[in-house]
Amino acid sequence: MAEATDFELSRAYAAGWNAAKKNFMDDPKAAKNPFPDGDKHERWKVGYSEAMASDGG
């Protein structure tokens, strides 16, 4: 598997952040990480977690 670029990792983080914000009111536990494994999977989780911890959920 090719190593993810900084841009790809930033997009994975943003996808996690957006998933948390979108699902916060509906069902925050329902968001699914679209990346099966690797660096992008981890960055998505970081984005999701940081969005959930931020002000406003």
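This is a predicted model: local features need pLDDT of at least 70, side-chain atom pairs count only at pLDDT 80 or more; totals for chains, interfaces and linings use all residues.
Colleague: How many helices and strands does the protein have?
Modeller: There are two helices and zero strands; α1 covers 6-23 and α2 covers 39-53, with a loop between them that holds Asn33.

Colleague: Which residues does Asn33 touch, apart from those up to four places away in sequence?
Modeller: With those neighbours not counted, Asn33 touches His41, Trp44 and Lys45. The side chain of Asn33 reaches the backbone oxygen of His41 at 2.9 Å, while a polar atom of that side chain lies 3.0 Å from the backbone nitrogen of Phe35.

Colleague: And how far is the C-alpha of Asn33 from that of Ala15?
Modeller: Those two C-alpha atoms are separated by 8.8 Å, although Asn33 and Ala15 are 18 residues apart along the chain.

Colleague: Switching topic, which residues make up the largest nonpolar core?
Modeller: Six residues make it up, namely Ala19, Ala20, Ala31, Trp44, Tyr48 and Ala51. Two or more of these residues come from each of α1 and α2, and α2 gives the largest share, with three.

Colleague: How much of the accessible surface belongs to carbon and sulfur atoms?
Modeller: Carbon and sulfur atoms hold 54% of an accessible surface that comes to about 4100 Å².

Technical notes
Residues are numbered from 1 along each chain as its sequence is written. Side-chain values use heavy atoms; hydrogens and water are left out. Helices (H or I, at least four residues) and strands (E, at least two) are DSSP runs, numbered from the N terminus. Accessible areas come from the Shrake-Rupley method with a 1.4 Å probe; for residues, only the protein chains shown count as cover. Contact means heavy atoms within 4.5 Å. A polar contact is a pair of N or O atoms within 3.5 Å; within protein, one must be able to donate a hydrogen and the other to accept it, and residues adjacent in sequence count only if both atoms are side-chain atoms. A nonpolar core is a set of buried Ala, Val, Leu, Ile, Met, Phe, Trp, Tyr and Cys residues joined through side-chain atoms within 4.5 Å. Buried means under 20% relative accessible area, exposed over 50%, partly exposed in between (1.4 Å probe, protein chains only).
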